[in-house]
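Please look at the sequence and the structure below.

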Amino acid sequence: MTEELELILSQLTQPDNAVIQQATAQLKQAFKDPAIIPALCAVMSGSQNPQIRQSAAVMLRLRVKKHWKKINPDDRESLKAVVLQTFMQETEHTVQHSLSQLCAMMVKHETPDRWPALLQLLNEATKSSNPHDRKVGLLLLNKVMESNPEPFKPHYCQLLQLFSIVLQDHNNPTALYYCILTLTAITAYTGTQEMNQMRSLIPSLIVALKQLIKADQNQASEAMEVFNELMESEVSIIVPHIADIVHLCLEVGSDTTLNDSLRVKALSCIAFLIKLKSKTVLKQKLLNPILQAIFPVLIAAPPPGEQDPEDKEDDGGDGTDNDNPKHCAAQIIDTMALHMPPEKLFQQLMPLTQTCLASENPYQRKGGLMCLAVLAEGCADHIRTKMLSSVLQTVCQSLSDSDQVVRSASLFALGQFSEHLQPEVSKYCSELMPLLLGYLSSLNQAKVGHVTKAFYALENFMENLGADIEPYLPTLMETMLSALNNTENLKIKELAVSAIGAIANAAKELLVPYFPPVIESLKGFLTTTTEEMRSLQTQSLDTLSVLARTIGKDVFSPLAAECVRLGLNLTDTIDDPDLRRCTYSLYSAVSTVSPDCLTPHLTAITTVMLLALKSNEGIMAHVEEDKTFVLLDDDDDDDDGDNEGEKDGIDFLEDEPETDIHDVAGFSVENAYIDEKEDACDALGEIAFSTGAAFQPFLESSFQQVYEMRDFPHEDVRRAAFGAMGQFCRAQHQVWKENPTEANHQALLKLLDVVLPCFVETVRTEHERQVVMGILETMNNVMKSCKEEAFKNPLRLKEISHVIRDVLKKKTVCQDGGGDEADDEEQQAEYDAMLQEFAGEGIPLVASSVPADNFAPFLNDLLPLLMNKAKSSCTVADRSFSVGTIGEILQALVSVSGGPGVAARLSNRLLPVLVAGVRDSDAEVRNNSVFGLGCLAQAAGPIGVADYPMMLSVFSSMLTKESDLRVIDNLCAALCRMITSNVEAVPLEQVVPALVARLPLKEDLEENKTVFSCLAMLYTHSPALVLQLMKPIVAASSQVLGNKKVDKDAQNILAGLIKEFAQHHSADFQAAVTSLPGEQQANLSAAISAS
């Protein structure tokens, strides 16, 4: 059979399709004969043609992979012997590679101990005095270990001893390469006993990498992955060597004689280190050396006659080009901003940035702007509160720089600021909008790359303007509609469609007059079938979703059913992950406007989305090696004879190494599939919530598929999956509320029993901070919706309280838990503070869901952690969060059983913190403290009366000094809470006139309900007092009644009081009304007759 098999395999390599097809059919036949195994062994060891030897090895590997158990025991044993013997005598590297992969696959089925000959061979070859044998032995060791790190654990100590010798073998770079790759493969599996050995390897590892860089830059780039592995799995191994690793990476990253991919690898190691261990980087004083080394990279001019990738005409404008050193240098600064305390970073970074911005050299100015741009996300608070006007001034001046490279960078920076520095940056609307609009009108349409950047800045800026966009709407919409109707350039049309979405987010129903022409244009793009219009079509779907959410139900509802049909039609006819993703968002948006339109199509819609979650497309792209041979498996005999694998039977000779699905580099290729999974999770969650009972038949299958995604390798998908799990709980709660059957209740409890423990566990163990923030936010929403149902399980209160405590104590994995927390408690990265805020927001939600006495012991543990952040040395954001959360906890205690007792017991601890907060220099801290004091008075009830005199004196001195309108509104509300709780304890004659004089409320309109409920109560309690104040009360109410921004309940309470005045005290009331301006009189009479 051997000669016959060799002939078939040689035919498979012919360039003739007919020959290949015939050979494939013969091969399928041959595979049904059990003698195929010995025959393949014979070809693999005996054929003269290396290509055929390799084919035989690959086929054996696939056979072993699927059918090891079916191979008879004698053949297995002889295969074990032949493969080792063949491996040692093979001279062709590609064949050795395939043979080593065959061995690795066999080890998966046979533990190393059941194959002593392999261990013996590895031992002899790797220690051989012959350099070639060492190299080959290390290749085999590497392949076997990479696919089976765990079974070899007992041999790790011995292996590490071997590595310490091999790493000295500087004249054999290939041996170094395989040695380092193997070390990388086992790092994640090593335990405490190997720790010291690993640590002692690092210095020689650094030297070995330097040697490898001289010999082969591509291999060196791959080998540098070892640092990422070491950082991720066992940071304590490298902490003593961090400075040396950083210096090596900086040296490589700065060396312009090396190739870009190696420099990028080195610089990204530094970014990764900062993400995981920013405290250590600061402690070891590495911040300055890193900045000094990366700034020259950031501001380097490209070679003469060339441009940076982002300045080239064909750049997409979204800064996605990751593979150049300049981009990596900016990314390091971005990572610093996200993971370091702003004070420490800015102190060292700003002098460098300012030097660049003042430079004569355009690339230095560009570098300075890029630096400001990437700081905006991580250090938003710091920039907003300390330096906003100066950085905006810099950016605006650069918009008219003489050099286009600088103008482009300033547009990028402005886009970043608009996205991250809200709401303050929007206050500069009158300066910035004319600049941006001027930019659009004078842009030369030929330079699409530059137009793209201008649109990016404009979109981000407009999106957050809200109603302030109104004066610019006519100009904006005229520009966009004319771009849709008149330009030939598809990219410009796409930008205009996207901008209309951003305008709609701000303008909401102000956009109604422009809706018909916009929809008219979109319809043309949405129904296109041509490939070159695909990107415009996708963008049009996106904008349609935005319009559905913003333009108003009445305007959009007539189109809802048509939108759903459009989406289903598109996914039926076009196979494109980006397009599908946008249809999910469209269904989601429609479900918020008219859920009934979705109901008849839920089967079709959920089917497409669940398939997207199940699909391995795009992720497995580089994992399913050897597609060509899949057809040789018995299992596939009766499948659809899938022949497409053989377009050119030579496929398999490339025999890719197996890639680990967890290798993040494997993703970037197919980002669209990742985005599709993320959007499918988001949409399923929202649709389940919006369609309620109609979604019930799909809830279980959707939940199961989304639950599977909770440990997906890509963080955005994990975050979306947790979000959807929370939405499913809220949806089920809604269904039970509307139809309170026992079955619905049990389904809710069962869901909560899976989801909440899963949330708590992941908050502790998840590495990505963004995912943890997402989970905490979702968990808060679930508690807000499900209230006491979330705590029906007796373990839940403790679990949730403890996980909140651990986040506030920085004990979780993503907070780099444990270790150096004693130092500098107060200074931390803004995002680390934000993570703690998400946890803290859960405390009032727990407080409002369980009896106060059950929560009290946990609350006692949590309060000191909150009060710690109210110290004057903390940041404004921390102080505001601390007193704000305390206020919300007290507000929650007002309405739960046992609340007053617990609030009264806490008042001695909380009063000093809140009273200090009232005197804070920051208005928001004062505001939250005043709110907290009011809630304390309300929650403690009669027991709190002893503190009234002190609180009243604090408030009265504030009323005379305070200038911030929101704080004054909250002072009024706090006084009302005191009066409502203990009317006898307040000197009404002095307090009420002072309070009424401050009405109507100017900023915090939510408190109208508190204020007018109090006045209505006073009218029954002390009518004479209220009647004396009728004139100012009537004057205030003329601005409250009929005001869309004031909640309906508050308006009804007030209208009831005014009617009392009108019916029982008509003369005084008429006098009060006639003293008002005409417009206010009209308001008042309209509101009274309407109520």
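The sections below take these topics in turn.

## Basis of the model

This is a predicted model, in which local features need pLDDT of at least 70 and side-chain atom pairs count only at pLDDT 80 or more, while totals for chains, interfaces and linings use all residues. Residues are numbered from 1 along each chain as its sequence is written, and side-chain values use heavy atoms, with hydrogens and water left out.

## Domains and nonpolar core

The chain is divided into domain 1 (470-598) and domain 2 (861-986), with bounds that come from an automatic or database domain assignment. The centres of domain 1 and domain 2, taken over C-alpha atoms, are separated by 47 Å.

The largest nonpolar core has 378 residues, of which Phe227, Ile290 and Phe556 touch the most other members. At least three residues of this core come from each of domain 1 (470-598) and domain 2 (861-986). A nonpolar core here is a set of buried Ala, Val, Leu, Ile, Met, Phe, Trp, Tyr and Cys residues joined through side-chain atoms within 4.5 Å; buried means under 20% relative accessible area, exposed over 50%, and partly exposed in between, with a 1.4 Å probe and protein chains only. Leaving out residues up to four places away in sequence, Phe556 touches Phe515, Leu544, Leu547, Ala548, Ile551, Cys563, Val590 and Val593, where contact means heavy atoms within 4.5 Å.

## Helix packing around H35

Helices are DSSP runs (H or I, at least four residues) numbered from the N terminus. Helix H33 (residues 671-691) packs against H35 at an angle of about 10°, with the axes 8 Å apart, which makes H33 roughly parallel to H35. Axes are lines fitted to C-alpha atoms over the stretch in contact, with angles from 0 to 180 degrees between N-to-C directions, and angles under 35 degrees count as roughly parallel. The residues of the contact of H33 with H35 divide into eleven nonpolar, two polar and seven charged; in this scheme Ala, Val, Leu, Ile, Met, Phe, Trp, Tyr, Cys and Pro are nonpolar, Asp, Glu, Lys and Arg are charged, and the others, Gly among them, are polar.

Alanine 731 lies in helix H35 and, at 4% relative accessibility, counts as buried. Not counting residues up to four places away in sequence, alanine 731 touches Ala688 and Phe689. The axes of helix H35 (residues 715-738) and helix H37 (residues 769-786) come within 9 Å and cross at roughly 5°, so H35 is roughly parallel to H37 as well. By class, the contact of H35 with H37 has six nonpolar, eight polar and four charged residues.

## Backbone details in loops

Where do the cis peptide bonds described here lie? One runs from glutamine 422 to proline 423, with omega near -5°, and proline 423 sits in the loop between helix H23 (404-420) and helix H24 (429-441). Another joins leucine 999 and proline 1000, with omega about -5°, and proline 1000 is found in the loop between helix H47 (988-996) and helix H48 (1008-1021).

Lysine 787 is not a glycine, yet has a positive phi of about 45°; this lysine 787 lies in the loop between H37 and helix H38 (796-808) and is partly exposed, with a relative accessible area of 31%. Lysine 810 also has a positive phi, near 60°, and lies in the loop between H38 and helix H39 (830-840), where, at 11% relative accessibility, lysine 810 counts as buried.

Methods
Helices (H or I, at least four residues) and strands (E, at least two) are DSSP runs, numbered from the N terminus. Angles under 35 degrees count as roughly parallel, over 145 as roughly antiparallel, 65 to 115 as roughly perpendicular and the rest as oblique.
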